[in-house]
Amino acid sequence: MPTAVLIGAGPGLGIAMARRFGRGGYKIALVSRNPDRHHDALRELAGLGIEAAAFAADVRDTAGLGAALDEIERNFGGIDFVYYGPSPHNMTETQKSIDQITGADVEASMAMVHPAADVVARTLPGMLARKRGAFLFTSAISAVLPVPELGAMTVPAAAARSYAVTLNAALAKQGVFAGVLLIGGLINGSDIQTAMSSSGQSDDAYLLDPDRIADTAWDLVAKGKTPEALILPGRKGLGLTMLLTIRLLRVMKRSARSRSTR
């Protein structure tokens, strides 16, 4: 039975991914800074007949993350699928617009991107030896559409996407897949959505169903035809597309008014 490692396995998308890949025949290793938070998830997975365990690791601790991956291999055997989706620590804080950031802001925002390469370096050799395996990363819609309000977070979003699709190009003929989910909203039940909701910042128009995302992730990995999927709220993503279009039209109107008054 293959093993799926879910890094940054939170209560929203993480548990949904565990259910989906568990149903697909994978043993599940949940990895987060605090594995004690996974008691309910482990009970749920056990009730579904899915073999699962939780492991402690902070992705910013290279040695600790490597030790966790080694422990997973000792317990479950070779790692066949890695989902890398840790949440940035400061996403619930007020973001500065892209025109207000500094180099220090960008450097801090990249903290969760660098470890992705460490995870790949640690697990890829085994996948190549077995001639099978997959990696799936998360990024944000700002990797492909301009969202100035996200400020420095647009930089790691673009970096994560570029890394994933380029890695896939390098591995495509070696039996290993790499892909990325471009998230265009708030994942319902996630830590970030819960925090924003409690502070009155969450907008239902941007909510995403984690189980629907997990189904998309499964299809992306199983088919291996394209390295990326754009995840948008609403029917076929029309919700966010309309909101972004309205925002763009407003910016264009303000610009036109400004030119007419010069």
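Biologist: Which residues make the nonpolar surface patch?

Modeller: Patches take residues with over 30% relative accessible area and no salt bridge, joining like charges within 9 Å and nonpolar side chains (Val, Leu, Ile, Met, Phe, Trp, Tyr) within 5 Å. A salt bridge is a side-chain nitrogen of Lys or Arg within 4 Å of a carboxyl oxygen of Asp or Glu. Here, Val 144, Leu 145 and Leu 230 make a nonpolar patch of about 220 Å². Accessible areas come from the Shrake-Rupley method with a 1.4 Å probe, and for residues only the protein chains shown count as cover.

This is a predicted model, where local features need pLDDT of at least 70, side-chain atom pairs count only at pLDDT 80 or more, and totals for chains, interfaces and linings use all residues. Residues are numbered from 1 along each chain as its sequence is written, and side-chain values use heavy atoms, with hydrogens and water left out.

Biologist: Is Leu 230 buried, exposed or partly exposed?

Modeller: Buried means under 20% relative accessible area, exposed means over 50%, and partly exposed is in between (1.4 Å probe, protein chains only). Leu 230 is partly exposed, at 43%. Leu 230 sits in strand β9, residues 228-231. Helices (H or I, at least four residues) and strands (E, at least two) are DSSP runs, numbered from the N terminus.

Biologist: What is the order of the strands in the open sheet?

Modeller: Strands pair if DSSP finds at least two bridges between them. In this open sheet, seven strands with parallel pairing go β3-β2-β1-β4-β5-β6-β9. From one strand to the next, the twist averages 15°. For angles, axes are lines fitted to C-alpha atoms, for helices over the stretch in contact, and values run from 0 to 180 degrees between N-to-C directions.

Biologist: How many bridges join β1 to β2?

Modeller: Five bridges link β1 (residues 3-7) with β2 (residues 27-32), and the two run parallel. Leu 6 stands opposite Leu 30 of β2, while Ile 7 faces Val 31.

Biologist: Which residues of β2 point each way?

Modeller: Lys 27, Ala 29 and Val 31 point one way, Ile 28, Leu 30 and Ser 32 the other, and all are buried.

Biologist: Which strands does helix α3 lie across?

Modeller: Contact means heavy atoms within 4.5 Å. Helix α3 (residues 62-76) lies across β1, β2 and β3, running at about 155° to β3.
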